[in-house]
Amino acid sequence: MKAAKLTPYLVTALIAQRLLEVRRARQNEAWAREGGATEYGREHYPLFFVLHPAWLLGFWVEGRANKGEVRWGWLLTALALQPLRYWIMHTLGKQWNTRILIVPNAERVTGGPFRYLKHPNYMVVVAELLSVPLSVGATRTAFWASLLNAALLLLIRIPAENRALKDYERQTS
């Protein structure tokens with residue numbers, strides 16, 4: 001199958017998935033705020049809402065221009081990440097969110113994938129931002145989105161989340 005032919009279907013599926021996730025995140029956010037949640041990292045949150053649509057647009061443009069074949073190994077990698085994404089969401093339950101929200105007296109989640117990694121969702125996103133565009137030959141998008149995402153995660157997002165978790169531990173001890 002040609003990459004150019006698969007690209008619009010892949011982009012459409014990802015947009016639908018992301019919209020459903022944003023809907024769920026908003027429901028969970030309402031629950032968290034009703035429970036007195038404190039938000040951390042609010043100032044950097046819009047950066048992710050620039051990165052992810054730019055990533056979708058970039059691999060759509062590059063993938064549609066690609067005359068080559070789909071790279072099935074990368075596509076299978078991207079597909080294999082989806083059960084991990086939903087395992088993380090299921091494990092976090094109402095605490096899953098795209099924002100960093102700490103709900104007072106909520107139990108810290110340490111089961112599921114959190115037994116193995118401190119930030120498993122970020123690992124899935126890192127692998128996804130690389131594998132999806134590479135599946136349709138969008139190498140520039142894979143490179144730049146991965147680089148920008150790594151900078152945002154390592155320099156801003158993960159430190160903000162770690163601060164939030166430390167504050168939570170102080171409140172509960």
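Predicted model: local features only at pLDDT ≥ 70, side-chain atom pairs only at ≥ 80, totals over all residues.
Which residues does Glu-21 touch, not counting residues up to four places away in sequence?

View 1. Glu-21 touches Arg-85, Tyr-86, Met-89 and Trp-96, with residues up to four places away in sequence not counted. Glu-21 belongs to helix 1, which spans residues 3-34. Its relative accessibility is 7%, so Glu-21 counts as buried, the cut-off being under 20%.

**View 2. The polar contact between Glu-21 and Tyr-86.** Side chain meets side chain here, at 3.4 Å. Tyr-86 is also one of the residues that Glu-21 touches.

**View 3. The largest cavity.** The structure holds one cavity of 30 Å³ or more. The volume of the largest cavity is about 40 Å³. Its lining consists of Asn-28, Trp-31, Ala-32, Lys-94, Gln-95, Trp-96, Asn-97, Leu-101 and Val-103. Helix 1 contributes the most to this lining, with three residues. By class, five lining residues are nonpolar, three are polar and one is charged. Trp-96 is part of this lining and is also touched by Glu-21.

**View 4. The largest pocket.** Two or more lining residues come from each of helix 1, helix 2 (45-65), helix 3 (72-92), strand 2 (100-102), helix 4 (120-135) and helix 5 (139-172). The lining of the largest pocket has 28 nonpolar, eight polar and nine charged residues.

How values were computed: Residues numbered from 1 in each chain as written. Heavy atoms only, no water. Helix = DSSP H or I, 4+ residues; strand = E, 2+ residues; numbered from the N terminus. Buried < 20%, exposed > 50% of the residue type's maximum accessible area, 1.4 Å probe, protein only. Polar contact = N/O pair within 3.5 Å; in protein donor to acceptor, adjacent residues only side chain to side chain. Contact = heavy atoms within 4.5 Å. 1 Å grid on protein atoms, 1.4 Å probe; cavity = no way out; pocket = protein on both sides within 12 Å on 5 of 7 lines; lining within 4 Å. Points joined across faces, edges and corners; volume = space filled by probe spheres on them. Nonpolar A, V, L, I, M, F, W, Y, C, P; charged D, E, K, R; others polar.
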